[in-house]
Amino acid sequence: MYPTKMDNTNELPVYANQDHPVRRHHSARYYARHIKESLTTRVSKLVCTIFLTLLSILGIIAFILWLGLRPHRPRIFLHDFSIPAISQGIGPESAQINFNVTARNSNQVMGIFYDAMQVTAIYQDQSIGNSQLLTPFYQLPKNTTVLAGTFSGPMVTVTGTQWQQMLDDRSRGTVVLRLELTARIRFKIRSWKSKHHRMHANCPVGVGQDGMILAGYIDKRCPEYFN
């Protein structure tokens with residue numbers, strides 16, 4: 001303890017305690033309030049943590065359900081295609097067009113109704129044959145359906161000019177065509193059914209000099225789209 005400097009000789013010296021700071025004494029009410037606020041903060045943080053955890057779990061569950069219930073369009077694959085008459089030297093009136101495609105339903109729990117389907121063979125953006133699927137069918141989830149058929153007689157609409165162009169392409173090694181599928185489909189989960197969707201699938205295909213599908217086009221997936 002040291003005396004402070006005096007400005008007036010008549011004043012008594014004042015001593016400042018520089019070694020021992022003044023200590024504050026809090027009441028019991030202060031400590032009780034402090035403990036209460038600390039507990040309230042901890043409880044609030046715990047409630048927020050539990051709420052955010054539950055919200056995250058519900059979000060993950062909703063995302064998984066959305067992935068499982070979100071409808072996936074059918075996957076169309078071209079497996080075979082042929083026009084045997086190209087290599088036989090006969091006219092278009094006796095021509096046949098054979099095709100074999102599969103439709104794959106990759107949905108986990110959702111079935112698909114095919115209410116109508118039309119298959120069209122196209123050469124140089126012109127139809128040369130088409131067929132209507134006469135029997136609607138239902139496809140189970142995780143299931144593959146074979147769609148095979150033949151255009152013949154009045155279903156083959158190739159003209160003499162088109163036929164000659166196809167023969168010219170054959171002489172050069174490849175005749176390039178396209179097989180187009182158009183379908184009206186609905187999705188189904190239990191008793192719920194969706195509205196109709198129009199699906200299109202375009203399958204590029206090339207046939208060789210023997211009229212058979214070339215290896216590079218076999219088992220190719222066809223681009224699909226809705227409108």
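Start by showing the surface of the whole protein chain: in this predicted model the accessible surface comes to about 15000 Å², and carbon and sulfur atoms account for 57% of that area.

Now switch to cartoon. You'll see two helices and 13 strands in the chain. If you color by burial, 30% of the 227 residues come out as buried. Contacts are worth a look too: taking those in the chain with a separation of 6 or more, 70% join residues 24 or more positions apart.

Next stop, a sheet. Select S8, S4, S3 and S12, in that order: they make up an open sheet of four strands with antiparallel pairing. Which strands sit at the edges? Strand S8 (143–151) and strand S12 (220–221) do, each pairing on one side only.

Zoom in on one pair from this sheet. Pick residues 97–105, which are strand S4, and keep S8 displayed alongside. S4 and S8 run antiparallel to each other and pair over nine bridges. For a landmark, click asparagine 105: opposite it, in S8, stands asparagine 143.

How values were computed:
Residues are numbered from 1 along each chain as its sequence is written. This is a predicted model: local features need pLDDT of at least 70, side-chain atom pairs count only at pLDDT 80 or more; totals for chains, interfaces and linings use all residues. Side-chain values use heavy atoms; hydrogens and water are left out. Buried means under 20% relative accessible area, exposed over 50%, partly exposed in between (1.4 Å probe, protein chains only). Contact means heavy atoms within 4.5 Å. Accessible areas come from the Shrake-Rupley method with a 1.4 Å probe; for residues, only the protein chains shown count as cover. Two strands pair if DSSP finds at least two bridges between them.
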